[in-house]
Amino acid sequence: FKGGDTCEYLLSSGRFLGEKVWQPHSCMMHKYKNSEAKNCLMDKHIVFIGDSRIRQLFYSFIKLINPQVKEEGIKDFLWYPEVNGSMRQRIKSWTEGSVAKPHIIVVGAATWSIKIHNGSNEALAQYKINITSIAPLLEKLAISSDVYWVLQDPVYEDMLSESRKMITNEKIDAYNEAAVRILNSSSRNSKAKVKVFSVSKLIAQETIMKSADGLHLPESSRDTNAMILMNVYCNKIMKPIDGSCCQPQPPLTLIQKIAFCFFTLSIIGYLIISLIHRNNYRKNKSCTDLESGEEKKPASSTPNVSTLEMLLHCFCKLGLIMTYFYLCDRANLFMKENKFYTHSSFFIPIAYILVLGVFYTENTKETKVLNREQTDEWKGWMQLVILIYHISGASTFLPVYMHIRVLVAAYLFQTGYGHFSYFWIKGDFGVYRVCQVLFRLNFLVVVLCIVMDRPYQFYYFVPLVTVWFMIIYATLAVWPQIVQKKANGNCLWHFGLLLKLICLLTCIYFLSYSQGAFEKIFSFWPLSKCFELNGNVYEWWFRWKLDRYVVFHGMLFAFIYLALQKRQMISEGKGDPLFSNRVSNVLLFISIVSFLTYSIWASSCKNKTECNELHPSVSVVQILAFILIRNIPGYVRSVYSSFFAWFGKISLELFICQYHIWLAADTKGILVLIPGYPMFNVLVSTFIFVCVAHEISQITNDLAQIVVPKDNSTLLKRLLCIAGFFSGLHFFSAMQDQSRH
């Protein structure tokens, strides 16, 4: 369903999520801070003119700019409670140039006329005449200013005082109908349109019963109306990520245009080569040996043609997928909605996937600690929980946030464990291995940076695991290279490795408490281009610092585990406990207590900043507790969930793709493909999202085999080409920035 005019939807339709969160139809509303409101409205002349209801809206609007202001101290409201000659004269003065023309005009009145004329039909007729005389003036102002006519909200008739009993909802509807019919009726200029602010009626229908007098809206509803006005005017100026209402589609950058041409040529090239190969196959198939009557074998394609076809095939699929990404989160084609957290929206899906995961239980191929099936399963269920956390907006609930932080830390723990184990056992520090890992980690993100016009640091998790991989590599590859084969010959090498790990820990500790040193390291080009966000590297330092020790913990755990395994101090047979029964039971008890203790502490967190400070040091407690609970009992270690493991194999793609084709507005909202049916929409968008992530995983694996060859000389040439590509990208980016300025 097409998004349509989001400004029109913002002014006219929506619904409440819970009691106080207003959700416009099809778009997202940004919650403006007072500093943002001041920046948007700087040097702007804003006028509120009308009755007591407009005055209350005026007060709420002022408080968005200055929350400390008292209503009694505000004297700038224009009191014109009736649509009459006096109001007309004031509006006319703005069209004649005798006084400064306002940038924003908010006007509305009717209840006063109903009250003083006792709801007579003659008063309604006069109201129509007066609006007819004012409408051309408002339309003239609307050419260069934003003019909003606020329709009258319904009243709560049971609470009205005796002096207001004549103000009925029937009368209000008649006055609103007259205003809507007359305004813009004579204007042929699409720019000279008075914007009808009718959404306040919908808000009032839900909240007017909480009114103090039956006539005026409660404060929370007035604040919502003021925030809607702020979004209508400021979104196109401030361009907030989570404010999609009233935002125009961003223009294509030069790099995006080049990417579009590249993918288009790839699709055309693939279709041409496929057509040629199909025709050749048909010719060869129909060609028979006249003497023997046997069909000749088709001529085999040369490896170069085969590689080229595979390459174009990958880029063809990727081009179609990237088109979907762009349409979902950059073009104003699909609707977007704000997140709204409830406990049920988070915990019920968690229960669903838990049941599915247990249902698909199978035996593992091997029973080692953290074997491949188990780590895939671990990554899979963690990724599903993180996805549910993001789409439900559960970050607002601190206990859930703290547990999700442990899951992110567990991913980094696996990074330390997995890469350390590989380098320690294999001793392979070749360029091919490094390039393979870097390509698989970064390929999708680099493409998205180009297509979606986002900085590399925006996809913070990939830079995080990339940097930690390089730190692990540097730690183990630097002289002296200490690997398992060398250490087995002399135990002193184990102390050498521990010394390396201590040096690493010291560097981590120093950088975590020295923001200046950290920023100096990542402020040099080209690192600055990769790790800056909004012009500085503070966000990168914060993300890195948040889980600074957990990769080291993963490396240390791998070292200890592999040393115990080498000395046969643990039993990893099928069905056997990891240690002796007594030791296993003690460790299992300690692990369960530690796991629950951390959960109790995280659930009792009251301050996110304080808990984040403790998190790097204590997150390893729950991670190690989980590993021991999962691996000490032999029967638990011997089984895994194939359901979770399947998702674990594409966990990185799921984490990155969610930004644009499952969530929306760069994870700030939710993509709406099918409005009006939230559950069905989630099912459809989730199915597409998972299929796309799986397809991108296959594309990345295929391209990794082509782009990163095992031959070192060929690989060096490819690296030079990639360096040239990124230099060109930097050049075009600089040109784009220059043209913007």
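A disulfide is taken here as a pair of cysteine sulfur atoms within 2.5 Å. In the predicted model examined here, a disulfide joins Cys40 to Cys234, with a distance of 2.0 Å from S to S. Because Cys40 belongs to helix H2 and Cys234 to helix H9, this pair ties together parts of the chain that are 194 residues apart in sequence. The link of Cys40 and Cys234 is left-handed, with -95° about the S-S bond. Both ends are buried: Cys40 has a relative accessibility of 1%, and Cys234 has a relative accessible area of 0%.

The structure holds 4 disulfides, and another of these is formed by Cys27 and Cys245, whose sulfur atoms are 1.9 Å apart. This pair, too, links distant parts of the chain, since Cys27 is found in the loop between strand S2 (21-24) and helix H2 (34-41), while Cys245 is found in the loop between helix H9 (219-238) and helix H10 (254-286), 218 residues apart. The link of Cys27 and Cys245 is right-handed, with 90° about the S-S bond, whereas that of Cys40 and Cys234 is left-handed. A relative accessible area of 0% places Cys27 among the buried residues, and Cys245 is likewise buried at 0%.

A further disulfide is formed by Cys605 and Cys611, with their sulfur atoms 2.0 Å apart. The torsion about the S-S bond of Cys605 and Cys611 is about -120°, and this disulfide is therefore left-handed. Cys605 is buried with a relative accessible area of 9%, and Cys611 is buried with a value of 6%; both assignments follow because buried means under 20% relative accessible area.

When the bonded cysteines are counted along the chain, the disulfides follow the pattern 1-6, 2-5, 3-4, 7-8.

Definitions and conventions
Residues numbered from 1 in each chain as written. Predicted model: local features only at pLDDT ≥ 70, side-chain atom pairs only at ≥ 80, totals over all residues. Heavy atoms only, no water. Helix = DSSP H or I, 4+ residues; strand = E, 2+ residues; numbered from the N terminus. Buried < 20%, exposed > 50% of the residue type's maximum accessible area, 1.4 Å probe, protein only.
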